[in-house]
Amino acid sequence: MDKKKYYITTAIAYTSGKPHIGNTYEAVLADSIARFKRQQGYDVFFQTGTDEHGQKIELKAAEAGVTCKEFVDSVAGEIKNIWDLMNTSYDKFIRTTDADHEKQVQKIFKKLYDQGDIYKGYYEGMYCTPCESFFTESQLVDGKCPDCGRPVTPAKEEAYFFRMSKYAQRLIDHINEHPEFIQPVSRKNEMMNNFLLPGLQDLCVSRTSFKWGIPVDFDPKHVVYVWLDALTNYITGIGYDCDGESTEQFKKDWPADLHLIGKDIIRFHTIYWPIFLMALDLPLPKQVFGHPWLLQGDGKMSKSKGNVLYADQLVDFFGVDAVRYFVLHEMPFENDGVITWELMVERLNSELANTLGNLVNRTISMSNKYFGGEVKSTGVCEPVDEELKAVVLGTKAKVAAKMEELRVADAITEIFTLFKRCNKYIDETMPWALAKDEDKKDRLAEVLYNLVEGICIGASLLESFMPDTTGKILDQLNANKRTYEELDTFGLYPSGNKVTEKPEILFARLDVKEVMAKVEEMRAQDAQPEEEKEEAPVVDVEAKPEVTFDDFMKMQFQVGEIIACEAVKKSKKLLCSQVKIGSQVKQIVSGIKSNYAPEDMVGKKVMVLVNLKPAKLAGVLSEGMILCAEGLDGELALMTPDKDMPAGAEIC
């Protein structure tokens, strides 16, 4: 009987730089799902890779003094190395600079053009370079990109457009008829209410202002817009051919069972991508899951904050499987997760070293101490054994149910509940007390057999999440990994087998103070001496049209003192401040919530554009603008006077 197929993809990583642990989390998450599906008997194809075109790449390559291809080759290699370091079992690593992918993208573009879905026009709007996206004025939030919050610049150029509205109602119907299509549900509601139901505008699908992209073969001054290029990797990577000569693999694996992506790119995968597929007359993916972010401390990772964590750094401290455990177990299903060095140490000590490592070590040590390593079932049972077996044998179904819902953290919790029950079983049966009574030797043997059998089943379930650890546990127990079907049976460990003589410590406990001292030492080593430091980074901003002195004099800037501030309820980015300017108070809404808490704003003296025309943002009236500077990574800093100035002082 043929296996049931399962095709899973990650978003392809953008080759603008080394991925941090938050980016790496997605690859590990997808790997755990792929491994579990394989364990269940599915014919799994797991694809990941890199997205390598776009204006941002062109700019970064120029800054580095290398060609675009040299730049992406280097970064793609680094990304692949990190994915390999984290033991991700992908079946294909696609690059959008692969010749076969580029050829198919050109053919897809031509097909959509020939059938009237793409037309040539003229674009004028606001462009966000980091997001490679155009926006209308009405889509901006506080005058900035609604996706990343960075500044946008006016862009005006000839472009090809895709007729999104042609397929919008069909997509709305599909989402309503397939409630599982977009997960979690909050992501679906966001897409429907913010984008689809208000009405889709036609999408710009080509650019002429840069060259690093796939040329439109019938109009070479245009390159294919990065999202039409990037999204199609999910079909080109498994052999889609626009001329009808698709491979057998494509016919078997498409549609994808799961697109696993970050929540920040859900719009592209649940609106643009399904519509492209409809235009190509292809089935839609069965599910798109927009996972949350992994944050450092209480904020998004940022190089300017110096709080970026990388997988290879963490592996050097904790090991691959400890890092895998942390990013999988500490990430909630729908809300952002938090990673810190201190929290990693705490979890390693409490869960990995104590709950799991100590359980395996104690069991093997007692087997060696009391029976020379031989593990034997004697049949001398007590009611507590049945309680243990019920938990052990019930874990498979619980893990499967959680994994079906993509609740990976909860699935791992179920497995560790099994291990905790085994630890409790030791406390209940007290093997050390049984060993003192020769008449209870057979009972002691049965207790240790039950422990070894429970650990074997738990370790086999753990393999999808911590594959190396599973191998180490089973090797020490002299046991084979159980098949998925065998996980329903207690007692398959061969009676009379011998465990290893010297158990290996799976996870050594760490001292948090020692770890943090090493972290500081690592950071100090990374920091160059003052005389060797590179030139301070600068930001080049695209020039706006010149203004006359009279134009400038129309703007009124004054010092304002923030006397009250609160978050805007309907927005994740906005703060509403009451700003004292002279004898009056103005209400000003600003997109700075990611960088400032409301309580941090009160008492600050800030630079205010006072005579900006009032406007409503997220339904709240704003009567001016608080000015900020923006760094390389989008970090914001309020413009404040370097001397104490009274509220209302004119800035000139």
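**Cavity, pocket and surface patch**

In this predicted model, the lining of the largest cavity draws at least two residues from each of α1 (21-39) and α14 (383-404).

Q: How many cavities of 30 Å³ or more does a search of the whole structure find, and what is the volume of the largest cavity?
A: A search that covers the whole structure and takes cavities of 30 Å³ or more finds one. The volume of the largest cavity comes to about 50 Å³.

Q: How do the residues that line the largest cavity divide by class?
A: The lining consists of I33, F36, K37, Q40, A400, M403, E404 and L406. Sorted by class, these residues of the largest cavity comprise two charged, one polar and five nonpolar.

Q: Which residues line the second largest pocket, and how many of them are charged?
A: The second largest pocket, which holds about 260 Å³ of space, is lined by K4, Y6, K37, Y42, E180, D257, L258, K286, Q287, M403, E404 and L406. By class this lining has five nonpolar residues and one polar residue, while the number of charged residues is six.

Q: Is M555 buried, partly exposed or exposed?
A: M555 sits in the loop between α20 (549-553) and β18 (557-567), and together with V547, F549, F552 and M553 it makes a nonpolar surface patch of about 540 Å². Because its relative accessibility is 38%, which lies between the cut-offs of 20% and 50%, M555 counts as partly exposed.

Conventions:
Residues are numbered from 1 along each chain as its sequence is written. This is a predicted model: local features need pLDDT of at least 70, side-chain atom pairs count only at pLDDT 80 or more; totals for chains, interfaces and linings use all residues. Side-chain values use heavy atoms; hydrogens and water are left out. On a 1 Å grid over the protein atoms alone, a cavity is a set of points where a 1.4 Å probe fits but cannot get out, and a pocket is an open set with protein on both sides within 12 Å along at least five of seven lines; lining residues have an atom within 4 Å of a point. Grid points are joined across faces, edges and corners, and a volume is the space filled by probe spheres set on the points. Ala, Val, Leu, Ile, Met, Phe, Trp, Tyr, Cys and Pro count as nonpolar, Asp, Glu, Lys and Arg as charged, and the others, Gly among them, as polar. Patches are made of residues with over 30% relative accessible area and no salt bridge: like charges are joined within 9 Å, nonpolar side chains (Val, Leu, Ile, Met, Phe, Trp, Tyr) within 5 Å. Accessible areas come from the Shrake-Rupley method with a 1.4 Å probe; for residues, only the protein chains shown count as cover. A salt bridge is a side-chain nitrogen of Lys or Arg within 4 Å of a carboxyl oxygen of Asp or Glu. Helices (H or I, at least four residues) and strands (E, at least two) are DSSP runs, numbered from the N terminus. Buried means under 20% relative accessible area, exposed over 50%, partly exposed in between (1.4 Å probe, protein chains only).
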